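Biologist: I would like to learn how to read a few local features of a model, one at a time. Could you give me the general idea for each and then the case at hand?

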Amino acid sequence: MRYRLGVDVGGTFTDLLLFDHDSGQFWRHKTPSTPQDSSEGILNGVIAITEEAGVDAGDIEFFLHGTTVATNAVLEGKGARVGLIVTEGFRDIMQIARSFVPGGLAGWIVWPKPQPLAALEDTVEVAERMGADGKIVRDLDEASVRDALTKLKDAGVEALTVSLINAYTNGTHEARIGELAADILPGIPVSLSHEVLPEMQEYERTLSTVANAAVRPVVSNYLTNLRSRLADAGVTGKLSLLRSDGGLMSSLKAEEHPVNILMSGPAGGVTGAVWVAKNAGLKNILTLDVGGTSTDVALIENLEPRRVRTTEVGHLSVRASSLDVKTVGAGGGSIAFVPELTGALRVGPQSAGAVPGPVAYGKGAEEPTVTDANVVLGYLPENLLGGSFKLDREGAKASVQKIADALGVGLMEAARGIIDIVNENMFGALRMISVQQGYDPRHFALMGFGGAGPLHVNAVARLMGSWPAVSPVSPGVLCALGDATTRMRTETARSFSRLATATDVDELIALLDEMASQTRAELEADGIPADSISSEFEIDVRYAGQAFEVPLTIDQATLREKGLEGILSRFDEEHHRLFTFNMDTPHEIVNLRAVAQGAALELPVAQLDKGDGDPSAAKIRDHSLWMDGEEHAAVIYDRSKLRQGDTIPGPAIITEMDSTTLVETGCVAKIDAVGNILINPA
């Protein structure tokens with residue numbers, strides 16, 4: 001027997017999904033997260049799910065994990081104290097940064113500039129100089145390096161970054177400083193910029209390498225601790241982590257380059273959505289991952305999620321590939337309030353979190369939340385998790401009544417107002433990744449997952465015009481499914497910086513071949529069979545003089561067949577889609593990237609028994625809910641008893657272990673062959 005275990009650690013719950021490689025059977029489990037030490041919650045979950053499945057922990061071949069450890073270290077300012085070594089004359093690189101201020105035209109008046117991750121007092125210069133052509137202009141003065149390292153040692157730095165000017169063309173000086181640091185600063189992790197990001201633009205290269213260094217000790221401690229706990233529990237399988245770009249990397253690689261797992265958490269849901277879409281026969285999907293605190297949205301076109309070249313966490317924007325996920329402070333725990341100044345209803349971004357949580361959870365909370373509004377309206381039945389979890393509807397009503405009184409409206413109108421506002425917030429985030437990127441949302445289905453996604457997916461699909469609205473099987477643990485079903489991935493980058501007219505296509509292909517060999521060798525070293533590794537390439541192109549590039553995915557066959565013209569015509573097409581115009585300026589090829597991936601998993605999917613379209617066998621009870629300004633008769637169904645082809649007219653509620661799906665009036669839900677709920681206008 002071969003098993004894969006996907007584990008996704010969220011702010012409220014840790015989700016686990018155990019997959020049987022051979023039969024496609026799976027088990028799921030949710031356990032409360034333990035923020036003080038995530039590995040504790042993971043271990044509780046591993047023990048529970050293996051017992052439930054009757055599986056020996058030693059039979060788990062792959063342990064696949066999405067984590068927010070690196071993200072939280074950045075957001076909470078708990079990264080390590082970083083020492084930075086730069087070329088003489090470049091000490092202020094992190095302070096000068098880029099002259100970009102977020103916000104409106106007056107943003108500079110009120111914007112408190114964030115503190116750089118490497119302080120000026122921990123930044124030291126060394127005598128050396130590399131030319132932009134990779135030739136040494138000034139030899140490395142090793143005496144100045146020893147002085148710099150001794151100074152940082154005395155200052156008590158916990159991690160070291162070396163980022164020298166033009167090191168992306170030739171990293172020999174950085175490598176030598178790394179060797180000296182191993183002697184003078186033993187046990188301190190060293191991040192070299194030509195290894196982390198071998199691309200031009202020294203500020204982005206330095207910032208990304210400093211961010212990598214800042215989270216290295218935190219991630220390393222976490223992974224060391226997790227490995228020893230898993231070993232104690234008898235788990236001997238391979239530990240891999242989800243990268244920000246939706247691929248997997250070995251835990252040892254993640255310790256060296258944690259900058260690649262900064263968006264590990266949200267990436268799981270997107271990779272899970274790709275797997276579900278493939279089995280449901282859908283190609284274009286917008287994702288709506290609604291948790292307790294926030295909602296993550298992403299766009300998937302032709303079963304390929306959109307990737308971007310920057311990873312953004314809080315105010316930090318580093319140059320590392322990630323899935324294009326936008327986050328908005330709208331979740332089940334988002335608090336509703338009416339500011340005295342405006343007298344208008346607001347929802348979020350403040351959240352009740354896991355403790356105390358919504359009022360309906362009965363843990364002593366008093367502030368009304370989105371979950372409370374769903375309970376008041378009857379969208380979330382009082383008995384959850386098969387009756388083992390009872391919601392306090394009266395408490396929820398009392399909390400929402402405060403909003404109703406402040407607005408001078410009825411209880412139900414106030415509750416529905418809370419839901420409408422949170423749906424509009426989600427709608428706004430979805431417009432950012434679709435309409436604002438030149439995509440028509442009416443050409444996409446909308447998939448809702450996370451604990452609260454299926455409750456809102458029907459209403460948001462109506463706002464977007466994106467049908468069908470999809471509630472996948474096990475929506476509450478879809479991120480863990482994504483962790484369990486994705487594949488190993490690695491990439492390398494190189495700056496090219498040449499006009500297309502001065503580029504020889506054969507030289508370009510030879511360079512890409514060399515980069516492909518390097519990435520394939522990395523995956524082979526991680527135990528991936530050579531015959532299952534595939535390569536693809538990304539080329540960043542811009543019009544000469546532009547300050548930004550457009551990344552294009554290309555394969556060598558197309559490059560050989562269509563030459564550079566094939567790339568440039570695709571760039572013009574993409575530029576026009578993004579910005580509605582093209583320029584007559586010459587094209588410039590800026591950066592090259594080679595990506596190597598392991599084989600995609602062909603896991604079997606269990607089909608549901610065929611039904612006759614009548615869902616009455618799954619009916620739990622009659623129910624009433626408030627929608628469209630009045631009370632409606634509805635039916636509550638048990639999802640586990642629904643069969644393929646069953647048709648459910650709205651309004652209806654479909655409950656399951658980890659989520660609740662709401663079908664609105666004027667809509668109809670149908671169960672597909674593998675158990676997804678597809679909702680369309682009636």
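Predicted model: local features only at pLDDT ≥ 70, side-chain atom pairs only at ≥ 80, totals over all residues.

Biologist: How should I read the second largest pocket, and which residues lie nearest its centre?

Modeller: On a 1 Å grid over the protein atoms alone, a pocket is an open set of points where a 1.4 Å probe fits, with protein on both sides within 12 Å along at least five of seven lines, whereas a cavity is a set from which the probe cannot get out; lining residues have an atom within 4 Å of a point. Grid points are joined across faces, edges and corners, and the volume is the space filled by probe spheres set on them. Here the second largest pocket holds about 830 Å³, and of its 42 lining residues His194, Glu195, Val196, Pro198 and Thr492 lie nearest the centre. Among the elements that give two or more residues to this lining are helix H7 (193-196), helix H8 (202-232) and helix H16 (505-525); strand E27 gives the most, with seven. Helices (H or I, at least four residues) and strands (E, at least two) are DSSP runs numbered from the N terminus.

Biologist: What is the make-up of that lining by class?

Modeller: The classes count Ala, Val, Leu, Ile, Met, Phe, Trp, Tyr, Cys and Pro as nonpolar, Asp, Glu, Lys and Arg as charged, and the others, Gly among them, as polar. The lining has 15 nonpolar, 14 polar and 13 charged residues.

Biologist: Is Arg319 buried or exposed?

Modeller: Buried means under 20% relative accessible area, exposed over 50%, and partly exposed in between (1.4 Å probe, protein chains only). Arg319 has a relative accessible area of 13%, so it counts as buried, and it sits in the loop between strand E18 (316-318) and strand E19 (322-323).

Biologist: Which side chains make polar contacts with that of Arg319?

Modeller: A polar contact is a pair of N or O atoms within 3.5 Å; within protein, one must be able to donate a hydrogen and the other to accept it, and residues adjacent in sequence count only if both atoms are side-chain atoms. The side chain of Arg319 has such a contact with that of Glu199 at 3.2 Å and with that of Gln201 at 2.5 Å. If contact is taken as heavy atoms within 4.5 Å, and neighbours within four places in sequence are set aside, the partners of Arg319 include Leu197, Glu204, Ser208, Arg309 and Asn591.

Biologist: How many salt bridges are found in the whole structure?

Modeller: A salt bridge is a side-chain nitrogen of Lys or Arg within 4 Å of a carboxyl oxygen of Asp or Glu, and the search finds 36 of them. One network links Glu199, Arg309, Arg319, Glu491, Glu538, Asp540 and Arg593. Lys397 and Glu394 form a salt bridge with their closest N and O atoms 4.0 Å apart, and both lie in helix H12 (residues 393-407), three residues apart, about one turn of the helix. The side chains of Asp513 and Arg560 also meet in a salt bridge (3.8 Å, N to O). That pair links distant parts of the chain, Asp513 in helix H16 and Arg560 in helix H17 (residues 556-579), 47 residues apart.

Biologist: Which residues does Glu664 touch?

Modeller: Not counting residues up to four places away in sequence, Glu664 touches Arg416, Asn458, Ala459, Arg462, Met627, Gly650 and Pro651. At 6% relative accessibility, Glu664 counts as buried.

Key
Residues numbered from 1 in each chain as written. Heavy atoms only, no water.
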